[in-house]
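Good morning, and thank you for coming.

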Amino acid sequence: MHIADGLLSSEVCIATGVISAGVVGYGIRKLNQSIATKTVPLTGMVAAIIFAGQMINFPLIGAPVSGHLLGGVLAAVILGPWAGCLALTAVLLVQCFLFSDGGFLSLGANILHMGVVGSIGGYAIYSTIRHFLGNTPKSIVIGSVIASWLTVMASAALFCIEFSFSFQNTEYDFSRLFTLMITFHSLIGIGESIITGLLVSYILKQRPDLFELDQTTVSSSQIFTRLSISGLVFALSIAAFLSPLASGNPDGLEAAAEITGINHLEQTKEAFVFAEYSIPLPDFLSGKLENWEWISISLAGILGTVSVFCISIFLGSLTGKQNEECAEGI
Amino acid sequence: MPSESQEPVLNIRNLNFQYPGDIEALRNIDFQVNPQERVGIVGPSGAGKSTLLLHLNGLLPEKLSPSIPNTDTASVSIMGKSVSEKNIYQIRQWVGLLFQDPDDQLFCPTVEEDIAFGPLNMKLSQEEVHKRISESLCSVGLENYEKRKTMQLSMGERKRVCLAGILACQPSILVLDEPTSNLDPRARRRLLGILQNFEGCQIIATHDLEFVVEHCNRVILLDGGKIHADGTPKTVLSDSVLMKEHGLEVPLSIQWKMRS
Amino acid sequence: MTENKTLLIKHYASEFKIILVMFLIFTGLLLPVSFWPAHVCLIAFIFIGQSLIKIPLSYLFRRLLLFLPLIMIFSVSIPLTQGFQRGWDITFLILLRSTVAFMAMLWLIHSMTFDEILSSFQKLRFPPLLLIIISFMFRYCFILWEEMESMRTARKTRTFHKPGMIENWIQSAHLIGMLLIRSLKRSERIHQAMCSRGWNGQIHFLDKTNK
């Protein structure tokens, strides 16, 4: 499930890393401001549960693969959006640096998908549904189920977008890849939403106090923020479904391009699938792509030489240290 | 008997407590503890022992439900200061609380980090903290355990590390919740030795009555949130009628002594 | 090398490792497919590093065997979507890049203990709140795992038939749910234990280097 290094280009890795660092940093500031000293053990514990829970397999009959919990929405439902995002960040960091599960440079993208979209986006959807369906146990379960499915879809769509920025899309058929990803992830999403639903309804039976059933009404500005965030996630997952259909039919795409008046994008050979959603990025990118290749090669050369040089110097001392540790361990 | 000249280190007056939506956990608790006293608190499970201990550290007042009328008159005071929002950090420095499950208390990956937690919260300097770590590990007989992983310790070692973590804060009152549970005889014996060496007031909630006979000089019998007896271990624990009534047994050592 | 310099290297060794691995992965990412010999050289270089810290070959092989098929499935799906006409470049590129990154990460995580990683995060100025949450999580996930295993065994002793898929799912969800409820209670107790040792929300770290 985690994005490995190599799937995304370095620019995308940096961009997603910056976004994730910003959101997580903001979340930490928000949590630091709150006086509740309880958040630290609670968040750590929920992170540990998600970590352990991801190792429990949910077998699929007739398939060699099995699903597992992702946990973004679960963490958000219990901890709230910010602490939930932080818990997922902790899980991903440990998975990356302890088990090399998920890439190092794509950590930013992973946090963006599972922490930011999964927890913060998921919480927005969950709380909006809860707000409109009323504060009953049923609406909590429904909210978390829908939120889990939508967040999985939105992350899949986000991944496709990131991927399309990573490789020149003259080389591959974006829309078909998109279709493949979305089909695959809608199944994963169903699994995730069933697991989350089962879990939430179980917890609801045992500890209803965790969900603050008699929660006072939220202010209208909060509702607006949640609505807009959930709208964003919702749009992303809808786009995930519509765009392959739309672009799979060239007439449809052309028609859409005519109508929105952006058919000049077609001529740049950067026929970007989100053209119909009028994202003006391809225009801006196309000019720079050729330069970028040279910059990237030279950068790679510099970085590579420097790091190889440094590692060669340090290897001796580092391995010595490792041996000492081994000796200590024995 | 407590002498009048000494100021009690711990003074509990008319303490009532109720968990939200639950029956009353503590009713009219009223007792004083003098310095150097070792008080054993005994009673069946669910008697309110742990709840009482949490009060000594000011860990529960936030949950005090307003439905209990006499919360104003109730007070817990330690070394002459009442347990309140204002004094809470001072009191937590004076009172060291050992929890029943050492895994609840050892939350850091390594032993030294865990022991350092208390002293660091007291804003001591790094050198002072390191000094306290080695001192407290020494006093519980675990020299050179600083770099060990908390996960890889045995149950007895974990308890002792917990104790070291508390001793590093240099408390004047030690409050222990079931210190001997889950320990093998050798680990129990060791713990007993460490506690014998601690000078200062100790309050110990336990089911291990032999431990009380050996270690404590005063026993409080708690059942249903009420104090039913308060006296020396010999007088309280040898009362077979009282013991049976509250789901306890006269310890074998006392039974043998009575027979012979 | 002077005394000072060796000390500096020892003091910052883990941070150097992390940053170097990051550079290596970056290098792999920045090189286009036409530079594939460079990728191969990088892989070979990392492999030498790995054998220097004595990562067992069988382990390496097993990890790669788990990792590469996943990447393969994804990267082959690119030519797959266009009838195997185009896109093999990308497949090849993804495979090269991810192998470089994966090998480099394996090297990193095997040359450092988790404590070292955590303390180097600390030196790299990670926010303390995140660090303490990570150390918490690391501490408790093992306890949770033990607890879960014992609950599983307890459940197995009372299961007298092979559970179907739906039953299995419900049971697994209940397992996690039970674990969650237990652990939330535990986290309350931990919070009490922390408070009893003077915790007021401020995070302090022990300076482990000065001894």
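**Cavities and interfaces**

A search of the whole structure finds three cavities of 30 Å³ or more. A cavity here is a set of points, on a 1 Å grid over the protein atoms alone, where a 1.4 Å probe fits but cannot get out; grid points are joined across faces, edges and corners, and a volume is the space filled by probe spheres set on the points.

Please bear in mind that this is a predicted model, in which local features need pLDDT of at least 70 and side-chain atom pairs count only at pLDDT 80 or more, while totals for chains, interfaces and linings use all residues. Residues are numbered from 1 along each chain as its sequence is written, chains are lettered from A and ligands numbered from 1 in the order in which they are written, and side-chain values use heavy atoms, with hydrogens and water left out.

The largest cavity holds about 290 Å³ of space. Its lining has 21 residues, and the closest to the centre are B:Cys108, B:Glu113, C:His204, C:Phe205 and C:Leu206. Lining residues have an atom within 4 Å of a point.

C:Arg139, C:Arg197 and C:Leu206 supply 28% of the area that chain C buries against chain B, more than any other three residues.

How many salt bridges cross the interface of chain C and chain B? There are five, a salt bridge being a side-chain nitrogen of Lys or Arg within 4 Å of a carboxyl oxygen of Asp or Glu. C:Arg139 forms a salt bridge with B:Asp103, where the closest N and O atoms are 3.0 Å apart.

I turn now to chain A. The contact takes 99 residues from chain C and 93 residues from chain A. About 8700 Å² is buried between these chains, 81% of it on carbon and sulfur atoms. C:Leu30, C:Met137 and C:Trp169 supply 9% of the area that chain C buries against chain A, more than any other three residues. The count between chain C and chain A is one salt bridge, and A:Arg207 and C:Glu188 meet in a salt bridge through their side chains (3.8 Å, N to O).

Notes:
Contact means heavy atoms within 4.5 Å. Buried area is the accessible area (1.4 Å probe) that two parts lose on being put together, summed over both. On a 1 Å grid over the protein atoms alone, a cavity is a set of points where a 1.4 Å probe fits but cannot get out, and a pocket is an open set with protein on both sides within 12 Å along at least five of seven lines; lining residues have an atom within 4 Å of a point.
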